[in-house]
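Please read the following note beside the sequence and the model.

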Amino acid sequence: MTEAYNTNWMSTVGENINKVEEQISSYIGCKYAVALSAGTAAMHLAIKLAGVEPGAKVFCSDMTFSATVNPVVYEGGVPVFIDSEYETWNMSPAALEKAFELYPDVKVVVVVNLYGTPAKFDEIKAICDRHNAVLIEDAAESLGAVYKGRQTGTFGKYGVLSFNGNKIITGSSGGMLLTDDKAGADRARKWSTQSREAAPWYQHEELGYNYRMSNVIAGVVRGQCNHLKEHITRKKEIYMRYKEGLKDLPIKMNPYNERNMEPNFWLSCMLIDREAMCKQVRNDSDAAYIKEPGKTCPTEILEKLAIHNAEGRPIWKPMHMQPIYRMHPFVTETGDGRRSTNAYTDMEKTVDVGADIFDRGLCLPSDIKMTSEEQNNIIEMIRECF
Ligand SMILES: *Cc1c(COP(=O)(O)O)cnc(C)c1O
């Protein structure tokens, strides 16, 4: 960063940008990395590279941050939401398969690795290949996570990283597009710098964007890269401590498959067993619950943490439940989620996995500066809620 200031390369050209692209692409194991102003910008360019046209349906992870899907709409595409599965909380391969039965012409699939846990890529890739669909991987939350020995961000034709302030490492802001496709990387780099053509003046043949990472930010990211391993180690300790401290309660931690994946443990989350849930209702802006002995709900736990100035969060509210996306198709493992009317009322046969995890789950305080004493206090507060 200091070097950027001292050499006066303060804008979107400079040594830090080149170096951070090299550093990340060699760490991840992809050929090209394009440094951009945000993960959202990287997703937008990935959607353009995948050729999403106005009116085209795109299969998207349902339980995620809105930045995974908004760029589809920037290009005029129509997100079709694919339900989650319980083993990783990511896109359900069975629901994806169902979606291709309903919409066989879809050509692009956007999959997120939620909270740092890889999706089931063997299954998802096989389905995409069978249907000739381009896979885009949103690895914004999962930098450093590994699936079958391979870094996340490399499973799609295009991968997306974020260096926003809340991610596992940060540049304060920033993002990256990852790919093995040289032509794609070149186009993204050109689009991100206002699509200037090679000419002595400002010559434009294509629509451009101001999406390039600044050399100052790139300096921060370069500095942070040295801490990635240490951050992951610390995040894993936090996850394991919660797991141990909460093990005799009727809850489960956010799951992953120990045999074939190693998450980066970005956020520790918990899911309350159905039998241990007290009554909780949520509308579009508020939540309420009725206290019952031995039972609790995310709302009660989050309120309790907040009283002690500790910040937990609800799980990402699924996109199919968002007012902006409520009318979009939503596909569950059993078919069209919009048409299975009693999908969620019959608890034995819950088919809307995303709504269920949103209802019973929450994100726990996971900051790497948290002391073990602070974490023990949080564990104690959660225990008191039961
Ligand atoms: C943070 C995040 C993004 C967006 O990244 P920005 O750098 O904030 O634009 C996209 N997808 C997911 C899943 C994220 O968590």
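1. The model is predicted. In it, helices α9 and α12 cross in a right-handed sense. Helix α9 covers residues 228-245 and helix α12 covers residues 372-385; their axes come within 10 Å and cross at roughly 35°.

2. Which residues make this contact? From α9 come Ile-238, Arg-241, Tyr-242 and Gly-245, while α12 supplies Ser-372, Gln-375, Asn-376, Ile-378, Ile-379 and Arg-383. By class, the residues of the contact of α9 with α12 are four nonpolar, four polar and two charged.

3. The largest pocket holds about 940 Å³ of space. It is lined by 40 residues, and Asn-166, Leu-267, Glu-311, Ser-366 and Asp-367 are the closest to its centre.

4. Both helices of the first point return here: α9, β15 (313-314) and α12 are the elements that give two or more residues to the lining of the largest pocket. The greatest contribution is that of α12, with four residues. The lining of the largest pocket comprises 19 nonpolar, 13 polar and eight charged residues.

5. For the second largest pocket, the volume is about 380 Å³. Its lining has 18 residues, and those nearest its centre are Arg-282, Asn-283, Asp-286, Ala-287 and Phe-358.

6. Which elements give two or more residues to the lining of the second largest pocket? They are β13 (279-282), α10 (298-307) and α11 (353-360). The lining of the second largest pocket divides into eight nonpolar, four polar and six charged residues.

Terms used. Residues numbered from 1 in each chain as written. Predicted model: local features only at pLDDT ≥ 70, side-chain atom pairs only at ≥ 80, totals over all residues. Heavy atoms only, no water. Axes fitted to C-alpha atoms, helices over the stretch in contact; angles between N-to-C directions. Left-handed = near helix turned anticlockwise from the far one by under 90°. Contact = heavy atoms within 4.5 Å. Nonpolar A, V, L, I, M, F, W, Y, C, P; charged D, E, K, R; others polar. 1 Å grid on protein atoms, 1.4 Å probe; cavity = no way out; pocket = protein on both sides within 12 Å on 5 of 7 lines; lining within 4 Å. Points joined across faces, edges and corners; volume = space filled by probe spheres on them.
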